[in-house]
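Have the structure open beside you as you read.

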Amino acid sequence: MTSETITAAASGSWTLGDLPVHRIGFGAMRLTGSAAFHLGTPSDRDRSIAVLRRAIELGVDHIDTAAFYFSAVRSANELINSALAPYTDDLVIATKVGPFRDYSGEWGTPARPDQLRAHVEENLRQLGRDHLDLVYLRRMGQDSIAEHFGALAELREAGLIRHLGISSIGLRHLEEAQAIAPVVSVQNQYGLDSPNAGTDELLRTCGEQGVAFVPFFAIAGKGGAQGPSGSDGDEVLAVARAHGATPAQVRLAWTLRQGPHVLAIPGTGSPDHLVENVAAGALRLTDDEMARLDALHRPGG
């Protein structure tokens, strides 16, 4: 693959509500350090800003972030603001609210419904915006999301939020939210190494309803916030060799093949990995390769 010449347009497009985006976007979690949050070494600020600006040059028009994406010395939202403001009209910035970290980086009690406005306003302040394009409610284990999602729906009516999404949910939570306000996107952990029958069903339901499905940790898999585990099986490596691609590109291509409503938001602090991730949108796996990879994702199924 000639990665350097491929832009995000090669991945196709989807519309989040009324906001068109390329299906390959960018996740900001890894901008702050070698691993998410406080788990790694803080990043070089100039390098992170260069990665963001290069992403835009490569046609990325969908960035996923959060106010709680920060390390000891770096904030993803501050980096986005410094690198990209004033923002172009076609750039969609999605953020998420619900989880809370204090200034020392420790996780605190998730927000109550009446505290979500403060979470939204903090993202607005950090990003330097007067509204947020897309806000996800990140479910933090609560059985019902009605009160929390209802609070965000009120902020949408007030003009602080344009579109709403939900994250880390089950099918019943999607139904619960849709009874309150339109849901344009669902964000759950999903990838080749993350078999989950419930999430597979949720992905299919989103496609049937025209709701975007935006997986996180599609490359990292079981490594999660720590990053990729580095253990790629023989099938993934064989497909990668056949295309002159990297295993990460194969994982992203497999993810995008799950449906036209599936978007990818791979994150990185490396300019080279950024180029490779964007180029994965042009990788077309054969039906046979998909079947072999599907067997890894759904063993025995």
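What volume does the second largest pocket have? The volume is about 450 Å³, counted as the space filled by probe spheres set on grid points that are joined across faces, edges and corners. A pocket here is an open set of points on a 1 Å grid over the protein atoms alone, where a 1.4 Å probe fits, with protein on both sides within 12 Å along at least five of seven lines; lining residues have an atom within 4 Å of a point.

This is a predicted model: local features need pLDDT of at least 70, side-chain atom pairs count only at pLDDT 80 or more, and totals for chains, interfaces and linings use all residues. Residues are numbered from 1 along each chain as its sequence is written, and side-chain values use heavy atoms, with hydrogens and water left out.

The pocket's lining has 21 residues, and A67, F70, R101, E122 and Q126 lie nearest its centre. Helix α3 supplies the largest share, six residues; helices (H or I, at least four residues) and strands (E, at least two) are DSSP runs, numbered from the N terminus.

Now for the salt bridges (a side-chain nitrogen of Lys or Arg within 4 Å of a carboxyl oxygen of Asp or Glu). The count comes to 16, including these:

| Pair | N to O distance |
|---|---|
| D18 and R162 | 3.1 Å |
| R54 and E57 | 3.2 Å |
| D143 and R172 | 2.8 Å |

R54 and E57 are about one helical turn apart, because three residues separate them in helix α1. Elsewhere, D200, D294 and R298 are linked in a network of salt bridges.
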